[in-house]
Amino acid sequence: MDNHVLVTGGAGYIGAHACKALRRAGYVPVTFDNLVTGWQDAVKFGPFERGDLLDRARLDEVFAKYTPVAVMHFAALSQVGESMSQPGRYWHNNVGGSLNLVEAAVDAACMNFVFSSTCATYGDQDNVVLDENSAQYPINAYGASKRAIEDILRDFEAAHGLRNVIFRYFNVAGADPEAEVGEFHQPETHLIPLMLDAIDGKRDALTIFGTDYDTPDGTCIRDYVHVCDLVDAHVLGLKWLQDGKGSRVFNLGTGSGFSVREVIDQSRAVTNRTVPFKEGARRAGDATKLVSGSTRAVAELGWQPDRSNLNTMIADAWRWHQTGHFDK
Ligand code: UFG
């Protein structure tokens with residue numbers, strides 16, 4: 001019973017890939033998920049415990065059952081647009097739920113905590129190189145909720161010694177190359193899966209959200225990172241904590257940015273199909289350009305984001321798109 005890791009959100013896109021990576025690294029991932037946005041089908045690599053982070057008694061029960069060596073905390077509402085129209089849900093679920101989780105971990109003496117944060121905590125800082133020391137001025141409630149959880153972790157470390165690794169993700173994309181798990185949101189809001197759906201006629205043409213941004217082709221620029229590379233960093237972060245190294249923040253991005261139009265062009269090349277799209281208005285809460293300016297994860301964790309090139313990410317997403325889906 002030694003090597004359990006409690007994975008909140010293990011039935012979601014990133015959490016499910018993390019469970020596979022943990023299993024491969026010799027851990028037993030215990031998925032804790034309320035299945036509001038996750039899929040029971042995606043829990044393939046360890047035990048499943050259905051529960052909600054707002055239910056403290058249920059959390060205590062699961063900590064007592066498995067005595068995990070660490071927590072990997074992915075569970076969260078994560079739609080930028082929705083967070084602008086329903087901020088209360090983001091503060092209740094993301095911040096309230098995380099506070100419960102952190103308190104339960106400390107009470108259970110589970111003192112290694114890996115947290116899924118986001119570059120959305122930086123906000124819209126044009127022409128600023130975003131590294132881990134950049135100021136955090138989120139422009140949407142989603143980013144604000146994640147920044148608040150980072151603050152909670154810092155306070156709980158100071159007071160109770162809860163050691164943490166915080167990963168600030170840029171745009172996660174791609175899928176398990178073996179297509180055991182992949183990206184499957186309901187509703188889907190992310191660029192690449194929407195585009196793949198449009199390509200094979202599963203939904204209407206993709207709308208480009210804004211063509212008047214201050215970028216070379218007028219569309220937003222993002223730093224895409226392969227989900228398998230991303231979760232590999234989490235395993236390295238877990239080992240970092242288990243080796244007794246101190247709390248640390250790491251950006252997870254590649255340092256290369258691609259515009260929406262470039263992603264469309266690459267998708268056309270990978271799939272050899274036409275990408276139906278139209279140009280539309282900007283989406284509320286979107287930053288112009290989000291690209292990581294940090295190599296800290298590579299230098300300090302020894303992270304090697306080998307699959308994070310646009311071609312491989314779209315090819316892996318396309319394979320999953322053609323073969324996989326989840327049911328509750
Ligand atoms: N986009 C379109 N049309 C679409 C969907 C997206 O043009 O139908 C554009 C967006 O405007 C954006 C880019 O494609 O410029 C990427 O959009 P995604 O929705 O795929 O990703 P986001 O950049 O909005 O969000 C991601 C994560 C969030 C995280 C955020 C940080 O999904 O969890 O990065 O900004 F907070």
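This is a predicted model: local features need pLDDT of at least 70, side-chain atom pairs count only at pLDDT 80 or more; totals for chains, interfaces and linings use all residues.
The domain assignment divides the chain into domain 1, covering 4–173 + 224–252, and domain 2, covering 191–222 + 255–323. Taken over C-alpha atoms, the centres of domain 1 and domain 2 are separated by 24 Å.

How much area do the two domains bury between them? The figure is about 2600 Å², and 61% of it is on carbon and sulfur atoms. Three residues deserve mention here: Tyr-224, His-226 and Asp-229 together supply 29% of the area that domain 1 buries against domain 2, more than any other three residues. In terms of contacts, 32 residues of domain 1 meet 32 residues of domain 2.

I turn now to the polar side of this interface. Between domain 1 and domain 2 there are 2 salt bridges, and 11 residue pairs are in polar contact, counting pairs with both residues at pLDDT 80 or more. Which elements of domain 1 supply at least two residues each to the side that touches domain 2? They are α3 (80–85), β7 (171–173), β10 (224–226), α7 (227–242) and β11 (248–252). Of these, α7 gives the most, with 7 residues. By class, this side of domain 1 has 19 nonpolar, 7 polar and 6 charged residues.

Next, the ligand. There are 22 residues around the ligand, and those that come nearest are Tyr-142, His-190, Thr-207, Arg-283 and Asp-286. A polar side-chain atom of Arg-283 lies 2.7 Å from an oxygen atom of the ligand. Phe-209 instead presents a backbone N or O atom, at 2.9 Å from a ligand oxygen. For Tyr-142, a polar side-chain atom is 3.4 Å from an oxygen atom of the ligand.

Returning to salt bridges, a search of the whole structure finds 23. One that I would like to show is formed by Asp-212 and Arg-282, with the closest N and O atoms 3.0 Å apart. Asp-212 lies in the loop between β8 (206–209) and β9 (221–222), and Arg-282 in the loop between β13 (277–280) and β14 (289–290), so this pair ties together parts of the chain that are 70 residues apart in sequence.

Finally, two points of backbone geometry. Most residues other than glycine have a negative phi, and most peptide bonds are trans. As for phi, Thr-67 has a positive value, near 35 degrees, although Thr-67 is not a glycine. Thr-67 sits in the loop between α2 (56–66) and β4 (70–73).

Thank you for your attention.

Terms used. Residues are numbered from 1 along each chain as its sequence is written. Side-chain values use heavy atoms; hydrogens and water are left out. Domain bounds come from an automatic or database domain assignment. Contact means heavy atoms within 4.5 Å. Buried area is the accessible area (1.4 Å probe) that two parts lose on being put together, summed over both. A salt bridge is a side-chain nitrogen of Lys or Arg within 4 Å of a carboxyl oxygen of Asp or Glu. A polar contact is a pair of N or O atoms within 3.5 Å; within protein, one must be able to donate a hydrogen and the other to accept it, and residues adjacent in sequence count only if both atoms are side-chain atoms. Helices (H or I, at least four residues) and strands (E, at least two) are DSSP runs, numbered from the N terminus. Ala, Val, Leu, Ile, Met, Phe, Trp, Tyr, Cys and Pro count as nonpolar, Asp, Glu, Lys and Arg as charged, and the others, Gly among them, as polar. A residue is near a molecule or strand if one of its heavy atoms lies within 4 Å of it.
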